[in-house]
Amino acid sequence: MNPYSLRRVFVVQGFLVAVIFMLCSLASGNAFASSPVGLRCSGRVAPMDLEDAPRFSWQVTHKAQTAYELRVYDTLPSNANTETPYWVSGKVYSAQQLDIAYSGPLLSSASRYYWQVRTWDENDQPSLWSKTAAFGTGPGANWSHSEPIWVPSLATAWRDYDLTAELEINSVAAGIRFRAPDINNGYMWQFRGADNQLVPHLLVNGSYTVLDRVDLPQNTLAIGRRVSIRISLNGTSIRTFIDGTLVHTLEHDAFAGGGIGVRNGRTESFSLFAVSVINSVDQILFQRDFSNDDSGFSCATSEVGSLNVPLSAHCLNSGASTDWAFLRKEFSLPDKTVVDATVYATAASPEAARQYVYKLYLNGEFVGLGPTQPVADESRYDGFDVTKLLVSGQLNALAVQAYTTTTQAFQAELWVSYSDGSQTVLGTGPDWKSLSGESSFPAAGSIGTNYYAAPKENLDARHFPSDFNSPGFDDSQWLLAQPKAELVALKAAPMAKVKQHYPAPQRIVEKAPGHYFIDFGRTWVGGVRYRIAAGVAGNEVTLRFGEVTSAPNTVRYELNTGNVYQDTFTLRTGEQTLETWGMRVFRYAEIIGAPEAITSENLQALALVYPFDVAAAQFSASDPNLEQVWQLSKNTIEALNLNFYTDSWTRERRNYEADAYLQLRASASLSSDLTLGAYAFDYFQNHRTWPTEWPLYVILAVHEIWQQSGSTSQMQRLYSSMKNALPDQWFASGTGLIQKNVGSDGCNSQTDCDIVDWPSSQRDAYVFSEHNTVINALAYRAYSNFAEMAAALGDNSDAEFYSARATQLRAAINETFYSPAFGYFDDGMFSSGALTGHAAVHASAFPLAFGIPEPEQATPLANYLASRGMVCSVYCAPFLIGGLYQAGAAESALSLLTSTGTASWLNMIALGAGATAEAWDPSMKNNLSYSHPWAASPAFLIPTGLFGVRPLQAGFAEFQVKPQPATLEHAAIKLPTVRGDIAVEFEKLSSDVYEYVINVPGNSLAHVSVPVSDNSVDSIYLNGAAQPVEPASGFAHLPVLNAGCHVVSEAWTDIDEHCPTSSSSSSSSSSSSSSSSSSSSSSSSSSSSASSSSSSSSSSSSSASSSSSSSSSSSSSSSSSSSSSSTSSSGGGISCTFEYQYASSWPGGFVANVQIKNTGNRAVSSWAVNISHAGGTRVVQSWNAVFSGSNPYQASAMLWNATIQPGAATQFGYLASNTGELNEPLLQGTCW
């Protein structure tokens, strides 16, 4: 093998290749791990809010599963082998490992359960029981232990109070508002200095009525004279005092409550020197002395010690708005062991800002956010495991920061279970405390567009209730929360829960004193966490965010999309940590007015990330441009999924079917968690969008989810709506084609307008017609996929009907639109029967991608498309490139993936984008966003095209591997699936001979075809043994391969170089009978463990641009032997732990991992570890660290994983040979 290429792979992408090495060694013979791993319940890791019966999935750690047994406990078992389960399945003879339905006794609501599984292998030998996994049930549609709450309006909360003020009339009169429920209603007392009168007014719907006119004692009021006034409100009684003397009493009941304000006519002005509002229980509702610029009245200007209320001024006090809300509840728990605790939370309404409504905290720690957008009119809730956050026998605090402009309601229940079997339930209600957030976040406009309004966050730290989410906070001046109307039809959000992470900046530039430019190296959604050591009250810091730059080291904060990402933080005195609450989409930030130097220690991104295992999918190649394109796509999915699929979180925040389909496919190639994607397509039951083609993508997506997961549940749920989405109303039996007489003229933004491509400038001059080739091609795929799903669900009638329709449509498309003379498809046919005479790339790309052409048509079509290049959009690109790969035109496909032209992913990178864009270039779309997941298609094009990995049976029971290296010298991929990792690597041995290493996860079968140098090749080496083959169309088709590591090449290679224990393997391929028995599975699962035969964890990725604070872990280990040791290094607030573990071992070798975790309160800038083994140990390869020395070895940080934020961790590993016994090494680590 090429030594340079191998060295590059191990150093740059060493984790991937080492995992392949490790998997291969474990997957041979009997070296599999001894118990199932990757346990999932209803597609998720430890879900806490299940409403339907759980469905269990796991990854098998031997070649084939012949039986399984499940057991479920209603308490956490201390010894599962001796305690009585709640339910046991008994030994079930089945190869199924996915989507196994629970069939035990009824499960209680809002309860925690635990489960284990064991399996029997192909020799009927049982595995050990898996590690225990948890799941929880939700409280159901109606919550009896809580009620919705929000901060009360001033009309409700401010009823009986004393308004006290010092004022001086500058011209004519001073108008004081009180009991004002809003700007157009309430009372206004006019204190007239011009004629020494008090004139009470009633304001109703903007119209004033004089209630009285009081002549005051001489010199009571006068121009330029400062007086003290007090208006005392008690029920219907309104008493007015001036300088301590009662001057007026009035009984009036028009308004019982509301805020205060100032109001002047066109000739009136006055100054206020102090104002306070204190209620009947001595709570200070409002207080200002105008010693700073925080006046509390937006229509007036403050100077030191006074507020100037100018002519015609009219406004109410800050705090009248209830859009921002702080809610909290302190509570004590009994002094006994907490076994489990779950908080369920929901809110209304996420629609106005098209984002979450609340962020929930427990004892100062972020718990989660929500809710997601509902499918219909239900209210979605989330369940969060908070067991580790509670403190027994002490004070705890549950707190919320929330924002919405409509409905305004938050509801939560905390369920706590103890070791003695007792339980505590705490719910939201009128005993919670609340505070309006208007003073903390004064109204400053929207960061949104004409599609939605989301608030700018001009955070005023002087009023922000710091530490409100922690126990011991003084909320004595907060108001009791106001109960709100019932939230109907509560339903759990069936996906994982968004986390907050804090990635460090990759580059910081000081442009001028206090003015900094920050590059985070990639795009995130959220904002920043900013720590200031010594703030000065009233000083302002401006924050700008952007997806790209407008000039060197300058953020384009006025986005092309219309968003303006500029916020202001007004500081308080002293130390403070300020955080963005809402969502900005950004790679870059700019800070103006920073009081201290910006560093990676005091500023991090606050990234909102849907759980994403950065180590689950890995890729390396000899072409660094291809690596960059894949990494950009991976970063895009990690950053932009959140808790709901959208086209982009900038302009629209709306879900479109085609966008979601491409996002789903990319996500499914990077993570085996498909639950968020599945929910995205549930949403379209009630929210179809306008293009003709888009609803058909729901059918394609549900089919894709079934193929990826093996689960039929969504197919069953959406069967009727998918059937209704089929284009039967346009099927013309005479031609066998889809014929649309309306909406087929290129119209936009109207229901059932044909779109073909978007933006419209990227249609390659497509000629629209009644018989549109693209519409017909997509209809064919929809009919074909629907027929397959109907068959899987047992609806043979529908399966036969729609399969026949698909066959008829395919034949008609080829007969009508294909031109043998030119080797392309025409754009379509007019109703007259005449072809359009035009051949846009779309007309050939979509049929080729969907498998419509006859075999002899594929090569001419590929040649035509290759000659045209990328003359379509990012939406069309995956169909164009995917079609080229299907036609065997791998070199043309690879050329488009790595192009540096304007229409390319590398152009996006050149533009400075940290995620994929909506279009190739700003020249193609003037309102371009650089955060569109629909352009992240290389994430699936590379595994499905370059490596040819595709499921052949649902849930990867059987799958294809058909690599097409083209001009690449080397490439390797690790692809997470519900059954475990599929790993494929190829390396060029000579000018036309490659070596392939393939890992097949447990209980799976692989159908492998590899390119051959010549069709005359009659044998291929499979695992070191010659295998007869009969190549066809340039590929040799191997026998079906079972689980394990396999090496394939035309030239003999040493299998032990890749699969060290291969000699113990009894077989490397399976017969047709074993293929049949192993593939009868139906499943729904997701997984993030490293493979079917191992587990790994990582909090670092393979390059600086891909670094993420997301972390991954697995609940089980497959090491055949393990040991761990730890040491720590501390100093100056820095402290680390170093944990060592053998991941796997075999006679003569092992793989080990070392995790470095920052346990201090400052960021670690670098680290090093000395490892000393007993004699006879030699490190062969390493990854994620630079190794030097020779036993003892020193492992040093690489550039991209040197920095570790507090609480975060990174990991490196190595492969070593050894003689003698495997003993613990001496480990000494330092960090600084």
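This is a predicted model: local features need pLDDT of at least 70, side-chain atom pairs count only at pLDDT 80 or more; totals for chains, interfaces and linings use all residues.

**Entry 1: helix H12**

The list reads Gln857, Ala858, Leu861, Ala862, Tyr864 and Leu865. Around the axis they cover an arc of only 165°, so they sit on the same side of H12.

What do these buried residues pack against? I found helix H10 (796–817), helix H11 (841–849) and helix H13 (877–886) as partners, together with strand E50 (818–819) and strand E51 (824–825). On the face turned away from the buried side, I noted the exposed residues Glu856, Asn863 and Ser867.

Next I checked the length of H12. The helix has 14 residues, 855–868, and at 1.5 Å a residue these should span 20 Å; the end C-alpha atoms are 21 Å apart, so the two values agree. I also looked at what follows H12: glycine 869, with a positive phi near 80°.

**Entry 2: cavities**

How many cavities of 30 Å³ or more are there in the whole structure? My search came back with seven. The largest cavity holds about 90 Å³ of space. There are 13 residues in its lining, and those closest to the centre are Tyr610, Asn641, Ser667, Ser671 and Asp673.

I sorted the lining of the largest cavity by residue type and got eight nonpolar, four polar and one charged. Two helices each supply at least two residues of that lining, namely helix H5 (657–668) and helix H6 (675–683).

**Entry 3: cis peptide bonds**

I then turned to omega. The bond from glycine 370 to proline 371 is cis, with omega near -5°. Proline 371 belongs to the loop between strand E27 (365–370) and strand E28 (379–385).

I wrote down another cis bond, from tryptophan 758 to proline 759, where omega is near 0°. I located proline 759 in the loop between strand E48 (737–738) and strand E49 (771–772).

Serine 312 is in the loop between strand E22 (306–309) and strand E23 (314–316). Is serine 312 buried, exposed or partly exposed? Its relative accessibility is 44%, so I logged serine 312 as partly exposed.

Aspartate 467 also has a positive phi near 65°. I placed aspartate 467 in the loop between strand E32 (433–436) and strand E33 (479–480). With a relative accessible area of 55%, aspartate 467 passes the 50% cut-off and therefore counts as exposed.

**Entry 4: alanine 348**

My last stop was alanine 348, in strand E25 (residues 338–348). Its relative accessibility is 9%, which is under the 20% cut-off, so I put alanine 348 down as buried.

What does alanine 348 touch, leaving aside residues up to four places away in sequence? I listed Val357, Thr404, Thr406, Thr407, Gln408, Ala409 and Leu487.

Key. Residues are numbered from 1 along each chain as its sequence is written. Side-chain values use heavy atoms; hydrogens and water are left out. On a 1 Å grid over the protein atoms alone, a cavity is a set of points where a 1.4 Å probe fits but cannot get out, and a pocket is an open set with protein on both sides within 12 Å along at least five of seven lines; lining residues have an atom within 4 Å of a point. Grid points are joined across faces, edges and corners, and a volume is the space filled by probe spheres set on the points. Helices (H or I, at least four residues) and strands (E, at least two) are DSSP runs, numbered from the N terminus. Ala, Val, Leu, Ile, Met, Phe, Trp, Tyr, Cys and Pro count as nonpolar, Asp, Glu, Lys and Arg as charged, and the others, Gly among them, as polar. The expected span of a helix is 1.5 Å times one less than its number of residues. Buried means under 20% relative accessible area, exposed over 50%, partly exposed in between (1.4 Å probe, protein chains only). The arc is that of the directions from the helix axis to the C-beta atoms. Contact means heavy atoms within 4.5 Å.
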